[in-house]
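Subject: Structure handover

Hello,

I am passing on the structure below, followed by notes on what was found in it. Please read the notes with the structure open.

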Amino acid sequence: MLIGHQPKEFLLAVEALTVSFDGFKAVNDLSFYVEENEIRVIIGPNGAGKTTVLDLICGKTKATSGSIQFRGQELTRMKENQIVQTGVGRKFQTPSVFVDLTVFENLEISYPRGRTVFGSLAFQRDAAVRDRVEEVAEMIFLKDRLDTYADELSHGQKQWLEIGMLLIQDPDLLMLDEPVAGMSVSERAKTAELLNRIIKGRSVLVIEHDMKFVEDIAHKVTVLHQGRILSEGTMEHVKNDPKVIEVYLGH
Amino acid sequence: MIINSRFFNRSELIGFVALAALLFVILPLSLDVFRLNLVAKYLTYAFVGIGLVLCWGYGGILSLGQGVFFGLGGYCMAMFLKLEASSVENTKIQSTPGIPDFMDWNQITSLPLFWQPFHSLTLTILAIILVPGLFALIIGTAMFKRRVGGTYFAIITQAVAAILTILIVGQQGYTGGINGMTDLRTLKGWDIRPDHAKVMLYFFEVFLLFGCILLAQFIRLTKLGRILVAMREQEDRVRFSGYSVANFKIFAFCMAAIFAAIGGAMFALNVGFMSPSFVGIVPSIEMVIYTAVGGRMSIFGAVWGSLLVNVAKTGLSESFPQLWLFGLGGLFIAVVLAFPNGLSGIWADYVQPRIDRLLTWRKPKPAKAWTDGSVADGAPAE
């Protein structure tokens, strides 16, 4: 289709993406492009289709039509685990960690090795795994909690753990769905610090409502409304766009 | 102590030693051959239970059709034994000598093609593993790749159990029908019926059982074991960590099928016959109950559950035949409502801490060494 027209430097190219649930178009003819090392924030009112866009990219929801190209590979035809293996990581809105496993085991499962059935049978917890798990645990402030069951962590700590699980995958595109939602003030500050550290050297797609946080990190902002792009550009540009003020920021 | 610190933790090691002592020493010394043979029969369900611990307890995949695999393994073994028992000399009064008696009764005049491999013991052993394994692979692939799970999967396994029973009963000429395969006599010329053979078979079965326990424990301790637990809780997170959830479910289901099939084959050898009454819906559900009572998260629990429930079953149905089904139903309800982790859960919650306290109080030094690695109960030494 349009593939030939796109310059190569885009990491992610979403084109004419549409998904309809029983006739309701949650995402409607959406196109946007994310460059290497770009931090892109998606904002928009409730029901704008923000989470659905992430679901479509990571394969949780299948697109009705349109294309999602990641490094030239078509994601819409891949299974979720294959998409992960091409380098796309996804954090969910509610912390989804394995509560019956320890922090160490949670991180170890996300370590990108031995992902097949027999690979996981032969998987050895060697020094490389241990070092990497400890390194990531330190970044997510859980170094002294490695043997704690994830069940016993606070909400904020679970969010960090899930971010750590993504980090250990070392994805080229990191997708975060409201990473600071439901956190205490001090946790929020720590998370912002953590995110600022981990977004270096990769592209990040974030959904967030916290405007101060968005302003801090965003290179470019995409405003969604009813499944379509309302406005796109720098935070400054978006903030002064009358359409955006009317449907979103003004309220 | 590599085993102590790595492969089994302390309470698992105690469980292992206690079970080995019971099955290898105490029971053979204290029971007559008839009762020992009954224990051998009960233990065939322990194989199914170990499979269910992996598949249901760890992986969260409830199969209500393990009788299918128990039956497939049992029929494979029984077909070999039946062919050996149907030698030309043994069957010379039949109109077609050299084929199993039930075929002759059903006017079948030559051995069907699918029976041919069962002349060979090697092929039979392969079939015991591969037939149920492949069947589970097909069902598992068809279901899990389409993301069918939970209750729907359980109902489908029930349907498969019902279908297989109907098929076996209906194809009397090929399967022996409702009577099953009876009058099994020798294994490679070795008579399996006398007392000394029953004792030998008992020990062989217990060896195999411990082999399966060790294999299951090995799987549980690998990363695959942890992925099964992870999958049970957060399927999507596993998927988005780069794993194909369906493949792991298929693996767990196939392993459970193979364990069940080994149990079935041991059943045919120890009990001396195989019939559709061990394949259908009711026996499949009973097998799940044994596992639930023993504790679905515990490999040893599954063995104890199979033993104890069957001892209770034999005891109750000898004295009050009508009451047994109510007893079993009541037991299942009690376990689900009050003790979701079964006997092993009761052990871990109530008995183990007391033993720990007793040991710590009486022998402070070794107790300290044991609790070194883990947090344990922290009971003071004095």
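**Strands of chain A**

Strand 1 (residues 10-21) and strand 2 (residues 24-35) of chain A pair in the antiparallel sense, over eight bridges. Two strands count as paired if DSSP finds at least two bridges between them. Helices (H or I, at least four residues) and strands (E, at least two) are DSSP runs, numbered from the N terminus.

The model is a predicted one, in which local features need pLDDT of at least 70 and side-chain atom pairs count only at pLDDT 80 or more, while totals for chains, interfaces and linings use all residues. Residues are numbered from 1 along each chain as its sequence is written, and chains are lettered from A and ligands numbered from 1 in the order in which they are written.

Across from A:Ala13 stands A:Tyr33, in strand 2 of chain A. The hairpin of strands 1 and 2 of chain A has two residues between the strands, and A:Asp22 there takes a positive phi near 50 degrees. Strand 1 of chain A also runs antiparallel to strand 4 (residues 65-70) of chain A, joined by five bridges. In that strand 4, A:Phe70 is opposite A:Leu12.

**A:Ile39**

A:Ile39 lies in strand 3 (residues 39-43) of chain A. This residue counts as buried because 22 other C-beta atoms lie within 10 Å; the class needs 20 or more, exposed means 12 or fewer, partly exposed is in between, and C-beta atoms are placed from the backbone. Leaving aside neighbours within four places in sequence, A:Ile39 is in contact with A:Ile199, A:Val204, A:Ile217, A:Ala218 and A:His219. Contact means C-beta atoms, placed from the backbone, within 7 Å.

**Where the chains meet**

The contact between the chains takes 23 residues from chain A and 20 residues from chain B. On the chain A side, helix 2 (80-86), helix 3 (103-110), helix 4 (117-122) and helix 6 (155-169) each supply at least two residues. Helix 2 of chain A gives the largest share of that side, four residues. By class, the side of chain A that touches chain B has 11 nonpolar, seven polar and five charged residues. Here Ala, Val, Leu, Ile, Met, Phe, Trp, Tyr, Cys and Pro count as nonpolar, Asp, Glu, Lys and Arg as charged, and the others, Gly among them, as polar.

Regards

Note on methods
Contact = placed C-beta atoms within 7 Å.
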